[in-house]
Amino acid sequence: METSPLQVLTVPTAPYPDQRPGASGLRKKVRVFQSRKNYLHNFIQSIFSSIDLRDRQGSTVVVGGDGRFFNQTAIKVIVQMAAANGVGRLIIGHHGVMSTPAVSCVIRKYKAIGGIILTASHNPGGPDGDFGIKFNTANGGPAKEPVTHKIFQISRTMEEFAICPGLQVDLNTLGKQAFDLENKFKPFTVEIVDSVESHANLLRNVFDFAALKDLLSGENHISVRLDAMHGVVGPYVKRILCEELGCPINSAVNCVPLEDFGGQHPDPNLIYAAELVDSMRDGQYDFGAAFDGDGDRNMILGKHGFFVSPPDSVAVIADNIFCIPYFQHTGVRGFARSMPTSAALDRVAKATKIELYETPTGWKFFGNLMDAGRLSLCGEESFGTGGDHIREKDGLWAVLAWLSILAARRKSVEDILKDHWMKYGRNYFTRYDYENVDIDAACEMMEDVELLISDKSFIKQRFAVGDKIYQVEKADNFEYTDPVDSTITRNQGLRIIFSDGSRIIFRLSGTGSDGATVRIYIDSYEKEKVFEDTQVMLAPLATIALKISQLHHRTGRVGPSVIT
């Protein structure tokens with residue numbers, strides 16, 4: 001018996017004023033998507049409507065998420081709306097789950113016009129947690145500002161959306177599913193793919209898996225501890241590092257993706273990855289790593305929990321980049337870091353005579369440089385590191401990069417980092433996060449700090465703390481002119497740069513769903529004193545930052561929520 005073609009409906013709706021995507025897409029509490037009528041539908045329609053109809057018709061779109069609560073519900077709506085909006089094929093991760101780096105990989109592999117990633121990254125999940133929707137374009141990277149602006153403008157005038165409500169997809173069975181739609185000449189197809197394999201295959205072509213296998217399971221193998229924090233990367237860790245590279249299965253923990261990440265905050269830092277930090281303390285493991293909810297961030301630890309800061313991590317990878325076969329073949333075109341990230345990478349770039357780019361926070365800026373053939377390796381202080389193999393930061397890639405260095409040099413993580421400091425000096429770096437601050441108080445504080453540092457009299461001003469004296473050499477609100485297309489991005493963070501190169505940076509972050517997060521970044525270089533405690537070394541600059549901003553008084557906070 002033939003089934004009749006599925007009906008496509010146009011449903012009236014009303015716009016919402018708050019669907020502006022940030023650098024990481026649209027993030028809200030789950031209850032916002034659940035309780036506001038058509039809130040999800042409106043935003044998905046805005047994404048599809050932002051793509052020219054001629055490009056959309058018959059196109060391929062990739063869909064995946066980090067498995068958090070509301071993930072499958074949202075995917076089923078996306079499938080129904082993609083069909084109704086002329087998309088020809090969807091490629092979806094098995095069970096609707098696919099890491100952010102893997103989505104970038106699959107977009108590029110299948111030459112899709114883009115991908116929809118359902119994640120709130122390192123933010124908490126569950127019914128009371130966060131949910132997010134991010135659109136990546138055909139290069140595999142996050143949509144640039146003109147695209148996200150267009151999506152927002154469409155969302156503000158949304159009057160209707162197209163949907164095929166009778167279309168029911170099976171996310172649990174690998175393979176192709178075809179659906180006949182009314183007034184469509186070709187069937188709409190959905191392909192459920194192995195979430196791991198495409199990304200794993202790409203990584204096999206980047207790294208020397210034979211050398212890694214010898215390091216991890218050979219005669220003189222090291223012991224590792226890998227914590228997936230119940231995020232999306234668990235199956236990738238088990239398949240690649242355990243099954244293929246020979247890590248014992250019990251060396252990988254929290255590898256089952258859970259809708260609420262086991263009630264934890266899937267953020268790989270010293271606070272939220274405390275379970276990993278504690279397990280490393282007794283010296284049982286030589287190398288430890290943690291991953292975030294969607295698999296793009298990472299934290300690296302050495303024996304006894306020796307912490308590798310993200311700025312140091314990318315600098316060490318840069319200095320040892322030819323331990324990775326991919327770069328032996330491609331060469332190194334450039335290095336880049338986000339502005340708040342310490343200048344440790346700059347010193348490697350200068351020594352190796354490789355171009356260094358300082359960009360605003362957001363991986364899309366790196367992607368533009370990569371697409372132009374100017375960038376090979378980049379990193380952000382927020383535990384993101386990656387190469388030009390895809391257009392997203394890649395936690396698994398960063399871990400395999402470190403393991404490749406260990407395999408080549410046969411030294412401990414701590415010795416490799418200490419060697420690096422002896423060679424280049426050390427950039428002491430820390431970040432203070434003040435989370436869920438009243439948005440008005442935070443904005444007023446930032447405005448007042450900008451007024452203060454913009455005054456000409458602020459330059460050359462001296463600040464004394466104990467026996468340390470710091471003189472202001474430069475102060476501004478960072479703006480970036482893209483060397484590829486000359487676009488200008490303004491208001492990217494307040495910078496105070498002192499005559500010794502030390503920096504204090506203030507930023508408002510938009511990756512949370514409640515209130516504002518004020519971030520203070522402190523970066524100070526030492527050539528000789530490289531083995532001191534970070535917080536002790538940076539205490540004078542922290543005092544100056546709090547004096548300038550009056551942050552505790554202005555926000556009512558007596559201390560930061562998180563220190564990294």
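Trainee: Which residues form one aromatic cluster?

Mentor: Tyr16, Phe33, Tyr39, Phe70 and Phe131 form one such cluster. Please note that this is a predicted model, in which local features need pLDDT of at least 70, side-chain atom pairs count only at pLDDT 80 or more, and totals for chains, interfaces and linings use all residues. Residues are numbered from 1 along each chain as its sequence is written, and side-chain values use heavy atoms, with hydrogens and water left out.

Trainee: How many aromatic pairs does a search of the whole structure find, and what makes Phe327 and Trp397 one of them?

Mentor: The search finds 16 aromatic pairs. Rings of Phe, Tyr and Trp (its six-membered ring) pair if their centres lie within 6.5 Å; planes under 30 degrees apart count as stacked, over 60 as edge-to-face and the rest as tilted. Phe327 and Trp397 have a centre-to-centre distance of 6.5 Å and an angle of 90° between the planes, and the pair is therefore edge-to-face.

Trainee: Why is this pair said to tie together parts of the chain?

Mentor: Phe327 belongs to helix H12 (residues 325-330) and Trp397 to helix H15 (residues 395-409), so the pair links parts that are 70 residues apart in sequence. Helices (H or I, at least four residues) and strands (E, at least two) are DSSP runs, numbered from the N terminus. Both Phe327 and Trp397 are buried, a term that means under 20% relative accessible area, with exposed over 50% and partly exposed in between (1.4 Å probe, protein chains only).

Trainee: What makes Trp363 and Phe366 a pair, and of which kind?

Mentor: Their ring centres are 4.7 Å apart and their planes stand at 85°, so this pair is edge-to-face. Both residues lie in helix H14 (residues 363-371), three residues apart, about one turn of the helix. An α-helix has 3.6 residues a turn, so residues three or four places apart point the same way.

Trainee: How do you know whether Trp363 and Phe366 are buried or exposed?

Mentor: Trp363 has 3% relative accessibility and therefore counts as buried. Phe366, with a relative accessible area of 0%, is buried as well.

Trainee: Why is a charge said to sit over the ring of Trp421?

Mentor: The rule asks for NZ of Lys or CZ of Arg within 6 Å of the ring centre and within 35 degrees of the ring normal. The charged end of Arg426 sits over that ring, 3.9 Å from its centre. Likewise, the charged end of Lys418 sits over the ring of Phe531, 5.5 Å from its centre.

Trainee: How do you know that the length of helix H18 agrees with its number of residues?

Mentor: The expected span is 1.5 Å times one less than the number of residues. H18 (residues 534-549) has 16 residues and should span 22 Å; its end C-alpha atoms are 22 Å apart, which agrees. H15, with 15 residues, reaches 21 Å from its first C-alpha to its last, close to the 21 Å expected. Of those 15 residues, 13 are buried.

Trainee: What stands at the start of H18, and what follows the helix?

Mentor: A side-chain oxygen of Asp533 reaches to within 3.1 Å of the backbone nitrogen of Gln535 at the start of H18. After the helix comes Gln550, whose phi is positive, near 55°.

How values were computed. Polar contact = N/O pair within 3.5 Å; in protein donor to acceptor, adjacent residues only side chain to side chain.
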